[in-house]
Amino acid sequence: TSGVGFIADYLGATGTVTVDGAGSAWTNTGKLYIGNGGSGALTVSNGGAVTDHNAYIGYAGSSSGTVTIDGSSWNNSTYLDVGYGG
């Protein structure tokens, strides 16, 4: 559990998060950034779960992000922005 989640937060950074398996979960009580300057990837598989308030994929101008959901769930309670700036 985290307040705000970042994957690849800085310019040139790379990051990957995998939430795999039933009972595996990543809960963000605030925002989730996947590629906030760098190149980020999120994979949720085999019954895993991700929850957040707002999510951004490719937030900053130089960033990129990918999300793969396979037999799992990703719940955004407010909104999802894809390619916000990146």
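Strands are DSSP runs of at least two residues in the E state, and they are numbered from the N terminus. The model shown in these views is predicted.

**View 1. Asn-28, in a loop between two strands, is a buried residue.** Asn-28 sits in the loop that lies between strand S3 and strand S4, the latter covering residues 31-34. Its relative accessible area is 2%, and because buried means under 20%, Asn-28 counts as buried. The side chain of Asn-28 reaches the backbone nitrogen of Gly-5, at a distance of 3.3 Å. When neighbours within four places in sequence are left aside, the residues in contact with Asn-28 are Ser-2, Gly-3, Val-4 and Gly-5, together with Thr-51, Asp-52 and His-53.

**View 2. Ala-22, in another loop, is an exposed residue.** The loop that holds Ala-22 lies between strand S2 (14-20) and strand S3 (25-27). Ala-22 has a relative accessibility of 70%, and because exposed means over 50%, Ala-22 counts as exposed. Although Ala-22 and Gly-47 are 25 residues apart in sequence, their C-alpha atoms are 4.3 Å apart in space. Apart from neighbours within four places in sequence, Ala-22 is in contact with Asn-46, Gly-47 and Gly-48.

**View 3. Three strands form an open sheet with parallel pairing.** The strands of this sheet follow the order S2-S5-S7. S2 and strand S7, which covers residues 64-70, are the edge strands, and each of them pairs on one side only. On average, and with direction ignored, neighbouring strands of the sheet are turned by 5° against each other. Between S2 and strand S5 (residues 39-45) there are 7 bridges, and the two strands pair in the parallel sense. One place to look for this pairing is Thr-16, whose bridge partner in S5 is Ala-41.

**View 4. Strand S6 pairs in the parallel sense with S3, with S4 and with S8.** S3 is joined to S6 by 3 bridges, and here Trp-26 stands opposite Val-50, a residue of S6. S4 is joined to S6 by 4 bridges, and in this pairing Lys-31 has Asn-54 of S6 as its bridge partner. The pairing of S6 with S8 extends over 8 bridges, and Tyr-56 has Asp-81 of S8 as its bridge partner. As a general rule for reading such views, the side chains of a regular strand alternate between the two faces of the sheet.

**View 5. Six aromatic residues, among them Tyr-56, form one cluster.** A search of the whole structure finds 7 aromatic pairs. In one of them, the rings of Tyr-56 and Tyr-59 lie 4.7 Å apart from centre to centre with 70° between their planes, which makes the pair edge-to-face. Tyr-56 is buried, with a relative accessible area of 5%, whereas Tyr-59, at 26% relative accessibility, counts as partly exposed. Tyr-56 also pairs with Tyr-84: the ring centres are 5.4 Å apart and the planes stand at 80°, so this pair is edge-to-face as well. Because Tyr-56 lies in strand S6 (residues 49-57) and Tyr-84 in the segment after strand S8 (73-82), the pair ties together parts that are 28 residues apart in sequence. The cluster as a whole consists of Phe-6, Tyr-33, Tyr-56, Tyr-59, Tyr-79 and Tyr-84.

Notes. Residues are numbered from 1 along each chain as its sequence is written. Side-chain values use heavy atoms; hydrogens and water are left out. Rings of Phe, Tyr and Trp (its six-membered ring) pair if their centres lie within 6.5 Å; planes under 30 degrees apart count as stacked, over 60 as edge-to-face and the rest as tilted. Buried means under 20% relative accessible area, exposed over 50%, partly exposed in between (1.4 Å probe, protein chains only). Contact means heavy atoms within 4.5 Å. A polar contact is a pair of N or O atoms within 3.5 Å; within protein, one must be able to donate a hydrogen and the other to accept it, and residues adjacent in sequence count only if both atoms are side-chain atoms. Two strands pair if DSSP finds at least two bridges between them. Axes are lines fitted to C-alpha atoms, for helices over the stretch in contact, and angles run from 0 to 180 degrees between N-to-C directions.
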